[in-house]
Amino acid sequence: RGVQAHRLCPPRGAGSSLEPEEHSMEPPAVPEEEEEAVPLSVAPGPVGCQLFGYVGIEAVLDQMKIKTMKTGFEFNIMVVGQSGLGKSTMVNTLFKSKVSRKSSQPGQEERIPKTVQLQSITHVIEEKGVKMKLTVTDTPGFGDQINNENCWDPIIKYINEQYERYLREEILITRKRKIPDTRVHGCVYFVPPTGHWLRPLDLEFMRRLSKIVNVVPVIAKADTLTLEERAEFKQRIQEDLKTHAISVYPQEDFDQDPEDRALNDRIREKIPFAVVGADQEHQVNGKRVLGRKTKWGIIEVENPAHCEFPLLRDLLIRSHLQDLKDITHNVHYESYRVRRLNESNRPG
């Protein structure tokens, strides 16, 4: 038997014992070269991996587009500034329709209110099958009084009320499939074209409001300034904002990648936009254009050589509309939600 067992066992190396081997439960040793090897099933693939054939991943974009076109989306904008700066006209120019209250001569019913009163008008705008529920909130009476102390309080209260309304719907046990969104996504602040520095009212308003909403400052009725005065006024406003640490939209802290930062840096160099509003069309070189007619010619609001209205429209609608909504939800509303829930959980 010993001879037969010896023949069946594998040959041992020099110095090995003839005692039976003990089987260890530990896994076999892995060579040093293979210790850091990742299993094939979880190994990350190369970036931009080439597929063998068409899968259809890019069809997700078409699905999202079709769903958005069916359900539509909401966009809420607020305009703040003194009377006579063209806020209603500017909103009508932005959306090329009568979405804001009609401008007319102040009559017996339309005199300047003694306190700030907020007026919201909602319209459904459709373009190429895409529906947008637009809400425009105007602030008549802001900055029109002799004593404008705390005139921003009704505006802050209104913005927080919309956050509170959304929060109450969100924390319900049985929630709606789609919560109505009345939160203010952007606040366009109209700076009077004085050509000097920002007034204390302007600084205090933007300092307070920039913490709870996206503030976009613009120079109203910029056609009253020469190009040199406009450039100097913009530089002074930028210095004021930097000196008082006022962060207007687009904020540097929320740039997600170098590409976004490069784009937003170019926008920040132009802020505040020098804009001119007009809701009437005129004939210029055989084409109908939006503009203001003067003795010296027609100021075309959509011509970048005349004013910076196209930059404002691109920012609010064409390039940053979704970003305005995302920052409102992920930053401003989130900070309000955390504060309110901490207050409710605090012991009495």
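These legends describe close-up views of one predicted model. Because the model is predicted, local features need pLDDT of at least 70 and side-chain atom pairs count only at pLDDT 80 or more, while totals for chains, interfaces and linings use all residues. Residues are numbered from 1 along each chain as its sequence is written, and side-chain values use heavy atoms, with hydrogens and water left out.

**View 1. Six strands form an open sheet.** The strand order is β2-β3-β1-β4-β5-β6, with mixed pairing. Strands (E, at least two residues) and helices (H or I, at least four) are DSSP runs, numbered from the N terminus. Two strands pair if DSSP finds at least two bridges between them. The edge strands, β2 and β6 (273-274), each pair on one side only. β1 and β4 run parallel, joined by four bridges. Met78 has Cys187 in β4 as its bridge partner.

**View 2. β2 and β3 form a hairpin.** The two strands run antiparallel and share nine bridges. Val124 stands opposite Lys133 in β3. Two residues lie between the strands, and Lys128 takes a positive phi near 50 degrees.

**View 3. The largest nonpolar core holds 74 residues.** Such a core is a set of buried Ala, Val, Leu, Ile, Met, Phe, Trp, Tyr and Cys residues joined through side-chain atoms within 4.5 Å. Buried means under 20% relative accessible area, exposed over 50%, and partly exposed in between (1.4 Å probe, protein chains only). Phe205 and Leu209 have the most contacts inside this core. Helix α4 (residues 153-170) gives the largest share, seven residues. In soluble globular proteins, nonpolar side chains tend to be buried together.

**View 4. Helix α5 (residues 200-209) has buried residues.** They are Leu201, Asp202, Leu203, Phe205, Met206 and Leu209. Their cover includes β1, α4, β4, β5 (215-219) and α6 (227-243). What does Leu209 contact, leaving aside its neighbours within four places in sequence? Its partners are Trp152, Ile155, Ile156, Ile159 and Val215; contact means heavy atoms within 4.5 Å.

View 5. On a 1 Å grid over the protein atoms alone, a pocket is an open set of points with protein on both sides within 12 Å along at least five of seven lines; a cavity is a set where a 1.4 Å probe fits but cannot get out; lining residues have an atom within 4 Å of a point. Grid points are joined across faces, edges and corners, and a volume is the space filled by probe spheres set on the points. The pocket has 31 lining residues, and Phe73, Val130, Met132, Leu321 and Gln322 lie nearest its centre. α9 gives the most, five residues. The lining has eleven nonpolar, eight polar and twelve charged residues. Here Ala, Val, Leu, Ile, Met, Phe, Trp, Tyr, Cys and Pro count as nonpolar, Asp, Glu, Lys and Arg as charged, and the others, Gly among them, as polar.

**View 6. The second largest cavity has a volume of about 30 Å³.** Its lining is Ile77, Val79, Met90, Val91, Leu94, Val188, Phe190, Leu312 and Leu316. β1, α3, β4 (186-191) and α8 each give two or more of these residues. α3 gives the most, three. By class, the lining has nine nonpolar, no polar and no charged residues.

**View 7. Arg268 lies in helix α7 (residues 258-270).** Arg268 counts as buried because its relative accessibility is 17%. Not counting residues up to four places away in sequence, Arg268 touches Gln238, Pro250, Gln251, Glu252, Asp255 and Arg261.
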